[in-house]
Amino acid sequence: MISLAFAAELNFIDRGSDAGLKETNTFGGKTQKTFILESTGNGVAIFDYDGDGHNDIFIANGTTLQGEGGPSFLYHNDGKGNFTLVSDAAGITKKGWAQGVCAGDYDNDGRTDLLVTYYGTNVLYRNLGNGRFADVTKQAGLPVTGVRWGAGCSFTDYDRDGKLDLFISNYVDLDMNATPKPGQDPTCQFKGLPTACGPRGLPAAANVLYHNNGDGTFTDVSVPAGILKPGRRYGLGVVAADFDNDGWPDIYVACDMTPSLLYHNLGNGKFEERAVESGVAYNFDGRLQAGMGVAVADYDGNGFLDIAKTNFSGDLTSLFKNEDGSSSAMFPRMRAWRRTSYSAGGLSSWMWITTGGKIWLWQTGTCIRKWSKARLEKSICRKLCCTGTWVTASLQTSVRTVDRPFKRCGLRAEWRPGIWMATGIRRS
Ligand SMILES: [Ca+2]
Ligand SMILES: [Ca+2]
Ligand SMILES: [Ca+2]
Ligand SMILES: [Ca+2]
């Protein structure tokens with residue numbers, strides 16, 4: 001049951017529209033998803049781009065197979081809870097399948113820059129400091145051609161040289177011309193219904209680590225750093241954090257229908273992938289999971305960062321407790337916690353909310369399948385993906401706690417700095 005204490009501690013009201021967050025998010029067809037590309041959502045970054053002390057909001061925006069949809073959204077916060085769309089004036093102009101976003105000051109000029117992942121080529125927006133951003137992808141040496149599907153990203157200084165490096169997870173090497181349509185292949189069905197194909201049956205993708213050279217350019221160091229050693233995966237959410245408290249940031253990648261990845265930073269420019277040994281590659285039964293969103297916090301206060309990972313519809317949400325961190329010769333052992341609720345289905349993200357001395361988990365989800373009404377009524381999606389009033393029409397909100405059964409649907413939510421939820425949130 002939701003206790004009175006819980007209700008008093010978390011009292012959210014959706015005032016996104018009143019606050020000016022009104023733009024409609026686009027990512028694929030509204031009623032029909034022909035390709036898996038159309039099924040994922042978009043990331044959000046909350047950061048103070050103009051240095052006025054108030055956090056602003058960037059929301060990645062996508063497109064459709066017909067090319068609908070505009071650039072991503074940058075909202076300026078006036079400090080009184082009102083947001084104004086400033087994308088155009090700020091130079092946020094690139095259209096396309098914008099997916100994830102991460103914010104970080106890669107050039108150490110005191111202004112937070114943005115990396116936006118795309119299906120196609122990612123974009124690095126340098127913050128020019130006058131309320132404007134410049135697309136410096138080419139100057140930075142990042143790829144400007146290709147069809148990689150960038151998903152999660154994280155700015156992290158893996159070599160501790162004082163300059164933020166960049167890790168990007170890629171989802172599927174998707175060639176839409178070579179991909180069957182819904183129902184045309186055994187991999188293009190879900191529970192007997194024709195759906196967009198994938199990720200199974202489609203080529204998995206390679207993750208990328210870019211080293212910051214300190215002169216505004218990056219170099220792909222994936223091979224020497226050992227990022228490609230474990231092989232290709234269907235990578236989605238990424239978090240860089242120091243899981244064994246040795247001072248070197250490690251990297252966890254939630255992977256869809258492939259073992260998730262935990263790159264242990266060896267401190268010499270190389271990583272060793274330790275997800276299986278650490279217990280975070282599979283679920284507690286050793287089974288594959290369709291990992292999607294990921295968040296990190298020390299929920300039990302033992303000094304070691306734990307991992308929460310959302311998974312696709314019908315699976316449990318994973319909570320990996322970091323038991324001993326650096327005390328073990330092994331890279332930290334993590335224990336999957338059984339007492340979790342069903343994921344809300346579809347892509348999801350967790351954020352941690354600390355209030356009243358407790359940490360709560362918040363999850364968003366989206367149902368991406370086209371269900372018949374009768375099937376929908378019986379589905380987990382119907383039960384757990386309650387319709388919310390989020391800025392993106394495709395996101396439905398739900399709430400649960402780590403130690404209570406899910407009881408409440410349709411809880412409305414208020415934006416506050418630090419507790420925005422959407423797929424692929426990345427904050428440096
Ligand atoms: Ca601001
Ligand atoms: Ca900067
Ligand atoms: Ca660095
Ligand atoms: Ca570490």
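Let me start with V123 and what it touches. Leaving aside neighbours within four places in sequence, V123 is in contact with K94, V116, Y118, D135 and T137. Please keep in mind that this is a predicted model.

Where does V123 sit in the chain's secondary structure? V123 belongs to strand β7, which covers residues 123-127. Is V123 buried or exposed? V123 is buried, because 24 C-beta neighbours lie inside 10 Å and the cut-off for buried is 20 or more. One further distance for this residue: L142 is 19 residues away from V123 in sequence, and the two C-alpha atoms are 8.3 Å apart in space.

Now the chain as a whole. The protein chain has five helices and 25 strands. It has 428 residues, of which 50% count as buried. Turning to contacts between residues at least 6 apart in sequence, 56% of them join residues at least 24 apart.

As a reminder, strands of a sheet pair through backbone hydrogen bonds, either parallel or antiparallel.

The sheet I take up now is an open one of four strands, in the order β9-β10-β13-β14, and its pairing is antiparallel. At its edges are β9, residues 150-156, and β14, residues 218-220, each of which pairs on one side only. On average, neighbouring strands of this sheet are turned by 25° against each other, direction ignored.

Inside that sheet, look at β10 and β13. Strand β10 spans residues 165-170 and strand β13 spans residues 208-212; they run antiparallel and are joined by three bridges. Which residue of β13 stands opposite F167? That residue is L209.

The other sheet is also described as open, with four strands and antiparallel pairing, and its order is β15-β16-β17-β18. Its edge strands are β15, at 235-241, and β18, at 271-273, and each of these pairs on one side only. The twist from one strand to the next averages 20°.

How many bridges join β17 to β18? There are three, and β17, which takes in residues 261-265, runs antiparallel to β18. If you want a pair to find on the screen, take N265: its bridge partner in β18 is F271.

To recap, V123 in strand β7 is buried, and the two sheets I went through are β9-β10-β13-β14 and β15-β16-β17-β18. That is what I have for today.

Key:
Residues are numbered from 1 along each chain as its sequence is written. Chains are lettered from A and ligands numbered from 1 in the order in which they are written. This is a predicted model: local features need pLDDT of at least 70, side-chain atom pairs count only at pLDDT 80 or more; totals for chains, interfaces and linings use all residues. Two strands pair if DSSP finds at least two bridges between them. Axes are lines fitted to C-alpha atoms, for helices over the stretch in contact, and angles run from 0 to 180 degrees between N-to-C directions. A residue is buried if 20 or more other C-beta atoms lie within 10 Å of its own, exposed if 12 or fewer, and partly exposed in between; C-beta atoms are placed from the backbone. Two residues are in contact if their C-beta atoms, placed from the backbone, lie within 7 Å.
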